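This briefing covers a predicted model.

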Amino acid sequence: MKRTRLYHIARGLLALGFVAFGMAAQAADDLPGKGVTVQPLKSSLAEEAFQTLLVMRALEKLGYTALPMKDLEPATEHLAIANGDATFMANHWSLLHADFYKNSGGDAKLWRKGVYSDGAVQGYLIDRKTAEQHNITNIAQLKDPAIAKLFDADGDGKADLTGCNPGWGCELAIENHLTAYQLRDTVTHKQGSYAALMADTIARFKQDKPVLYYTWTPYWVSAVLRPGADVVWLQVPFSSSRGGNADTQLPNGKNYGFQANQEQIVANKAFVEKNPAAAKLFEVMKLPIGDINAQNLRMSQGANTQQDLERHTDAWIRVHRPLFDGWIEEARAAAR
């Protein structure tokens with residue numbers, strides 16, 4: 001009788017042990033990133049923080065510890081990730097940053113798979129009023145000094161093009177276009193802080209003065225200066241790209257001088273090889289450009305503190321909970 005009791009007690013303890021083991025295994029499956037720290041990067045553009053924080057939130061859900069994001073310019077971001085000094089960036093433009101990716105070691109040191117945000121468009125725009133008054137549709141028309149002078153903001157007789165910060169991929173593309181389209185004698189590429197330069201450009205527009213600028217989507221500028229209503233895209237006379245002759249004509253037949261682009265998450269290759277959950281997460285996350293534009297616009301209107309940013313990100317997750325949870329489950333499954 002005593003032996004039977006001891007036998008049943010032993011069996012019960014063994015069963016409890018299996019249950020505890022199973023619960024521990026389940027917890028490990030739910031938090032495959034537990035004990036692993038990640039370092040996110042973004043550029044100096046504050047508007048890239050939303051996309052980055054959304055990835056951080058998802059990683060945290062998987063158990064990873066995400067450090068505060070650091071700001072570096074794109075070329076340095078890629079190098080830091082390749083060298084293992086950082087883990088990932090969520091704002092890699094597959095075409096515009098192609099040289100940065102290649103020069104940092106390419107697929108041997110970096111990893112990218114899937115598309116985080118698709119259908120990004122970029123190019124040159126002018127105010128609609130000036131475009132219609134002078135029938136300006138193509139940037140090559142600025143070779144004409146009389147046309148170029150319309151966009152002269154500093155009095156030197158040349159058009160002032162609000163362009164890209166030194167070190168950005170778009171800076172190199174614009175510089176190539178100025179040469180390819182013979183615009184150097186009539187157009188000045190204005191560089192510095194893009195946000196500050198665009199603030200001046202928008203102020204000029206509100207004063208009913210002609211404006212000429214480069215921009216891209218997703219970004220808040222196109223929610224303030226609305227293409228088709230306030231401003232118009234300029235086409236280019238022919239496709240011209242650095243290091244080759246890529247066709248920049250878009251599916252709609254327009255040619256704005258840049259190929260339609262994609263934003264991807266780029267990560268350190270050694271990290272993703274050790275962390276299949278993070279790799280799957282980076283691959284499956286998708287964020288519509290319209291959602292990025294909407295959040296960026298709120299930032300431009302003053303809701304731009306860290307608390308605002310976190311509130312925007314958490315609100316997006318609440319609204320898209322089934323989608324967000326689906327990413328997490330796919331990541332957990334990859335870890336199992």
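A disulfide is here a pair of cysteine sulfur atoms within 2.5 Å. By that criterion, a search of the whole structure finds 1 disulfide. The link of C164 and C170 is left-handed, with -115° about the S-S bond. The largest pocket holds about 400 Å³ of space, and 24 residues line it.

**Disulfide**

- The sulfur atoms of C164 and C170 are 2.1 Å apart, and the two residues form a disulfide.
- C164 has 0% relative accessibility, so C164 counts as buried.
- C170 counts as buried because its relative accessibility is 5%, and the cut-off for buried is under 20%.

**Largest pocket: position and lining**

- Among the 24 lining residues, those closest to the centre of the largest pocket are L95, L96, A173, S241 and R242.
- Two helices, α4 (98-103) and α7 (169-180), each supply at least two residues of the lining.
- The element that gives the most to the lining of the largest pocket is α7, with 5 residues.

**Largest pocket: residue classes**

- The lining of the largest pocket includes 14 polar residues.
- A further 8 lining residues are nonpolar, and 2 are charged.
- R242, one of the residues closest to the pocket centre, belongs to the charged class, because Arg counts as charged.

How values were computed. Residues are numbered from 1 along each chain as its sequence is written. This is a predicted model: local features need pLDDT of at least 70, side-chain atom pairs count only at pLDDT 80 or more; totals for chains, interfaces and linings use all residues. Side-chain values use heavy atoms; hydrogens and water are left out. On a 1 Å grid over the protein atoms alone, a cavity is a set of points where a 1.4 Å probe fits but cannot get out, and a pocket is an open set with protein on both sides within 12 Å along at least five of seven lines; lining residues have an atom within 4 Å of a point. Grid points are joined across faces, edges and corners, and a volume is the space filled by probe spheres set on the points. Helices (H or I, at least four residues) and strands (E, at least two) are DSSP runs, numbered from the N terminus. Buried means under 20% relative accessible area, exposed over 50%, partly exposed in between (1.4 Å probe, protein chains only).
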